[in-house]
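Biologist: I would like to learn how to read a model like this one. Can we take it feature by feature?

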Amino acid sequence: MGDLASTDRVFSSRSSDTIVFGVNFLDYLAAFFSWVGWFLFVLWGGIGLACLPIDLILAYVYRPVPMDAREIAEYKLQIQKRVAELIDVGGQLQGERSSFLDGAKQGWWATRKQNARDQVKVNKFAQMVFILETEVEELEIISGRAKDYEPLVYVGYLLLGVVAAVHSLLWVVHIVVYMLVDPAPTPFLNDYLIQFSSWYPLFGSLACALFTFYLLCATMKGCLKFGTRFFLIKLHPMKYNGTYLNSFLFNVGLFGICAFPVVQFCTAAFADYARFSDAATRFIVVKHLVFFKSFYDTMAFEYALMSVLGLALVWLFIAPHDVPASTSKLKASLGKAKPRATSDVFGASSSKYTAHNVL
């Protein structure tokens, strides 16, 4: 009876243009994480492909330059004034939080809305502190008090910016001519990777890994850029000798969740080069799963990625610099909350940011 049933399945599959089969739980879980990660990769990867080379080049263009004593004194006074304003805003923000916690209990929805508003205010405050810290570091360099300062670092930024610009341009051209145009007029980067197989295949693997790693770095950069402009997520910058543990964990998690869509994207982008790889075989199965099939057949994510990249280029052309949020508007949104003591707001680290101890 079992043989007859299996024979019926074989004949029914031969008489149909579609073969239906199941996948194990791990393959479906990978497909689900890849689908979720695609939304983050499209948003932050598209922004990062545009802003990563631009920010690196601008870091060289607007590098710290020598100033005379009067200019340094004026710059220092401006920063001290902003530090004092941030300390005042931080106290009011802490006071508003305390007033809300000490007030009458509200419903679940009202509490959720208050927490959302509070998080946006905290993100604005963190963005202002992040930009101010960068300016304080530049002031230390200009005044000659920076420790372990290397002027060639900014030349390195310029070189990395040029390399990043070439990579972003290559990705844009490759996506358009190979992935979005059907039939593809040229394999483009696939030919570049395949030619390594004729003389040293390891270089082809390294080049493919470099293109893939660049997408992950662009995604991380896009996440930071998105946070500094829209205040919807917390900022988790990665700084040399200045990265907090929670920022490490956040960026590792971001790498992890975006690794699935990036690998899937690269297997499709380098389909000629990776056609015999295990990753290509697995993601072919993922591409034809019932729930996810419509997203991949219509190239929805690829078109969305290019759309976000184009909007980001226009946006960066209009406003290339990160501007701190308005202190006056943030104070107005806090109302008449009673400020808390500076030590309560900033904790033990508050001594670093006082109006009289900028330098």
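This is a predicted model: local features need pLDDT of at least 70, side-chain atom pairs count only at pLDDT 80 or more; totals for chains, interfaces and linings use all residues.

Biologist: How many helices and strands are in the protein chain?

Modeller: The protein chain has 13 helices and zero strands. Along the sequence the pattern reads α-α-α-α-α-α-α-α-α-α-α-α-α.

Biologist: What share of the residues of the protein chain count as buried?

Modeller: Of 359 residues, 34% count as buried.

Biologist: Now helix packing. How are two packed helices described?

Modeller: Two values are used: the angle between the axes and the distance between the axes. Take helix α2 (residues 25–61) and helix α7 (residues 201–230): they pack at about 90 degrees, with axes 6 Å apart. Angles of 65 to 115 degrees count as roughly perpendicular, so α2 is roughly perpendicular to α7.

Biologist: Which residues make that contact of α2 with α7?

Modeller: On α2, they include Phe41, Trp44, Gly45, Gly48 and Asp55. On α7, Tyr214, Cys217, Gly222, Lys225 and Phe226 are among them. By class, the contact of α2 with α7 holds 14 nonpolar, four polar and three charged residues.

Biologist: At what angle do α5 and α7 pack?

Modeller: The angle is about 100 degrees, and the axes of α5 and α7 are 11 Å apart. Therefore α5 is also read as roughly perpendicular to α7. Here Ala164, His167, Ser168, Leu170 and Trp171 of α5 meet Leu210, Phe211, Tyr214 and Leu215 of α7. The classes are seven nonpolar, two polar and no charged residues. Tyr214 and Leu215 of α7 are also listed in the contact with α2.

Biologist: On to aromatic rings. How many aromatic pairs does the structure hold?

Modeller: The structure holds 30 aromatic pairs. One of them joins tyrosine 154 and tyrosine 157, with 5.6 Å centre to centre and 85 degrees between the planes. Planes over 60 degrees apart count as edge-to-face, and this pair is classed that way. Both tyrosines lie in helix α5 (residues 152–180), three residues apart, about one turn of the helix.

Biologist: What sits over the ring of tyrosine 60?

Modeller: The charged end of arginine 63 does, 4.2 Å from the ring centre.

Biologist: One last residue. Where is asparagine 190 found?

Modeller: Asparagine 190 is in helix α6 (residues 189–194). Its relative accessibility is 0%, so asparagine 190 counts as buried.

Biologist: Which residues is asparagine 190 in contact with, leaving aside neighbours within four places in sequence?

Modeller: There are His174 and Tyr178, then Ala269, Phe270, Ala271, Asp272 and Tyr273.

Definitions and conventions:
Residues are numbered from 1 along each chain as its sequence is written. Side-chain values use heavy atoms; hydrogens and water are left out. Rings of Phe, Tyr and Trp (its six-membered ring) pair if their centres lie within 6.5 Å; planes under 30 degrees apart count as stacked, over 60 as edge-to-face and the rest as tilted. Helices (H or I, at least four residues) and strands (E, at least two) are DSSP runs, numbered from the N terminus. A charge sits over a ring if NZ of Lys or CZ of Arg is within 6 Å of the ring centre and within 35 degrees of the ring normal. Axes are lines fitted to C-alpha atoms, for helices over the stretch in contact, and angles run from 0 to 180 degrees between N-to-C directions. Angles under 35 degrees count as roughly parallel, over 145 as roughly antiparallel, 65 to 115 as roughly perpendicular and the rest as oblique. Contact means heavy atoms within 4.5 Å. Ala, Val, Leu, Ile, Met, Phe, Trp, Tyr, Cys and Pro count as nonpolar, Asp, Glu, Lys and Arg as charged, and the others, Gly among them, as polar. Buried means under 20% relative accessible area, exposed over 50%, partly exposed in between (1.4 Å probe, protein chains only).
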